[in-house]
Amino acid sequence: MRNAARARIIAFTWIGLIAIPSTSAMAANSASFVKVDASTVGNWIGHYGADGYNVSQDTTVKTPAYAQINLSGASNYVWSASPSGTAALQRPENPSGRIASTWYAPDSFFIDVNLTDGKTHQIALYNLDFDWSIRSQTINVRDASTNAILDSRTLAAGAAFHNGEYLVWNVQGHVKYEIIRTGAFNAVISGIFFDAPNGTPAGSLSIPTYHATLANDGQNLKETILTPTNVSSASFGKIVSVPLTGDVYTQPVFQSGVNIPGKGTHDTVFTVTNLGVAYAIDAYSGAVLWTSSLMPPGSTALVGVFTTPVISSLTNAMYVMVIGGNSDNTYTYALFSLNLTDGKPYAPPAVIGQISNTNTYVSGPTTASGKKFNGNLVSRNLVLNPINNAVYASFSAGGDKGPFNGWIVGYNSVKNGSGNLSQVAVWCATPNGNSGGYADGGDGAGGIWMSGGGIAVDALGDMYLATGNGSFEQTLVTVPYNGRLSTNIPNLKVPSGMDFGDSVIKLRPDSDVNQSRGDNPNGWGLHVADYFTPADQSFRQGANDLDVGTSSPVLLSSAAGSTAHPNLLVMSSKEGEIWLIDRNNMGGFNSLTDSAVQKVTGQILPMFSTPAYYSLSNPSPVLYYIAVSWGSTGDFAKAFAVNNGALSGTPVSVGTYRFSKPGSTPQISANGGSNGIVWALDPGANVLLALNAGSLAMMFFNSGTAANALPSAMPISGAFPTPMVAAGHVYVGTKGYLTIYGLH
């Protein structure tokens, strides 16, 4: 079809797509761009059209019940009724057959789409320059009520258009697609396809917590869009940088299908800045859906937000830890719960406690032994335990400024009868410690900082964490717990003072609600069910400063285990050790040898990050480490296979890119066992990187170009930035911005 005259030889007037009337109320009109897809080409079945479709000039049409569709100003043309090659669309009634056809107009035409159910749906238009006319065209998505342009995309002339490209939007309400010829002959569209937003059912995709999952493994195995083929500078890059009030020290979180009153249903990314402003942002367009400003009760100034929030599907709320300053020179720690739909408080903020500007106790949790809450910097992440629906915050000290201890405080995420969040747990890592041999006089120390890492939670609700330098009594006694305070280990031996510095600890929620029984030295509502402490714990103290807890535990899947050790976790340290630990019997403390399943040394540099775990990697699961040297430079990315209860003694893959200090906590995106990509930030170079999960030496993407550069530096001072990957996009927080990367 070289021109309109030729097209009219076999063209006939457009009659219209099937229209289904509806009495549903009109929804807000919106369109957010999702992606350009030049890889699926004509093989749409199984990729698009699950809800409905219309392939130009094919006899089979499936129009969704929620859609009214009309086309004006166009005619039909068939290039070939039985073409070869994959550019032509599959016939829906016969996927092995194809048709090369189009709706066309010499200059422009409209496709009117009215979605009548008030929900957001994905719409894909297939653009095909089948006869290689070197076409180019622009597609405007207009608000059908106001005619305002909601989004505009231009397809350049060339091979991609000739082989077939999908433009994909998430749409709500009533819009008009305006297809405008900008080069060569005729504006063309070959098919329209309807799906749930981003191809996933509403609410089905969630990245609700730091490092993606409760296992703390950093993997999103539901990534159906990003592949090693399309993640390149040619097809992947920066979509938008959203300006924010304040800097982002935390990882963004994600929830699909959030219904925002008056604005429709959106896949939504949530973030909070250090100035206490929480944001809900459309995950694809970057449009701000709501903001909420947070200030702890009684505070006159904000100290900051350094904690990655956590989302609860049960309460449809996001929980945020905020630190406020007061006129009496005290700091207040408060837990906020915000409704996902509008950012309004789900319950009044729970005040955890206060400390003075000298880091001493004013109010808050205490233990039976009299140890008082004195953490002076909340650790980077909250965790929500789905077994008891409690949100837990962990605490450590900023810059090792004593006195301090490691603390965990838990609150029920569900409101009590008074409409408040009830405190359900208090736990201190070093309730009887005194300085712990630490040079700063840490009053027991044992901070839970884990270089920004999170507490891991298993399927039974047991929680795993690691502590830094602190008291640990090498005189062991039989654990006093029995009955209500349970452990799976008969005659478990624990330090006599119940101080757990430099340890990996399993905590179990229990039924004590307020220390009334007084039988738990560490607090109430949580107790030690098992632990691991390295044999050289005492050497790690003082000036040696060799924390175990500079990383956080990662729980491995059963695919990595053996008959003897089916449930494993991996832990790394400031010395660059890697331990495989049996979660069913963690080994406790042995002064002669590390009681772990396996210890690997000399293969990674010191860890100030957490590894990622690709559980479905073939031929075996793989762990990915990005460590750091003691100097200013970091290590290369390294991968270790783990199978049958053993870690490969040396890396199975090593990257060629050297990361800057402080290393990086990577993330994995994959579609099950395929299309594995390792995503990582290099804060020193201020770039986002994508590496081949099968061969780390292969880099797919580096954002260090003018078009893809982050708009500002990551706030790395005291922070450990981490990207988040969801629904074909990657999200990075920096000073004053949230940047969204995706296919373009």
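**Salt bridges and their surroundings**

Analyst: Start with D131 and R135. These two side chains form a salt bridge, with their closest N and O atoms 2.8 Å apart. The model is a predicted one, and the distance is computed from its atoms.

Buried or exposed? D131 is buried, because its relative accessible area of 15% falls under the 20% cut-off. R135 counts as buried too, because its relative accessibility is 0%.

Next comes R508. Its partner is D462, and the closest N and O atoms of this salt bridge are again 2.8 Å apart.

Then take E577 and K599. Their side chains meet in a salt bridge with an N to O distance of 3.7 Å. That value is within the 4 Å limit, so the pair counts. This bridge also links distant parts of the chain, 22 residues apart. E577 sits in the loop between β41 (568-572) and β42 (578-582). K599 belongs to strand β44, residues 598-600.

How accessible are these two partners? E577 is buried, because its relative accessible area is 5%. K599 counts as partly exposed, because its relative accessibility is 39%, between the 20% and 50% cut-offs.

There is also a network. Salt bridges with shared partners join D129, D131 and R135 into one group. By the same rule, the count of salt bridges comes to 12.

In general, side chains of opposite charge can pair when their charged atoms come close.

Five strands form an open, antiparallel sheet in the order β16-β19-β20-β21-β22. The edge strands are β16 (206-207) and β22 (288-293), and each of them pairs on one side only. Strand β21, residues 277-282, pairs with β22 in the antiparallel sense over five bridges. Within that pairing, A280 stands opposite W290 in β22. Strands of a sheet pair through backbone hydrogen bonds.

Conventions
Residues are numbered from 1 along each chain as its sequence is written. This is a predicted model: local features need pLDDT of at least 70, side-chain atom pairs count only at pLDDT 80 or more; totals for chains, interfaces and linings use all residues. Side-chain values use heavy atoms; hydrogens and water are left out. Two strands pair if DSSP finds at least two bridges between them. Helices (H or I, at least four residues) and strands (E, at least two) are DSSP runs, numbered from the N terminus. Buried means under 20% relative accessible area, exposed over 50%, partly exposed in between (1.4 Å probe, protein chains only).
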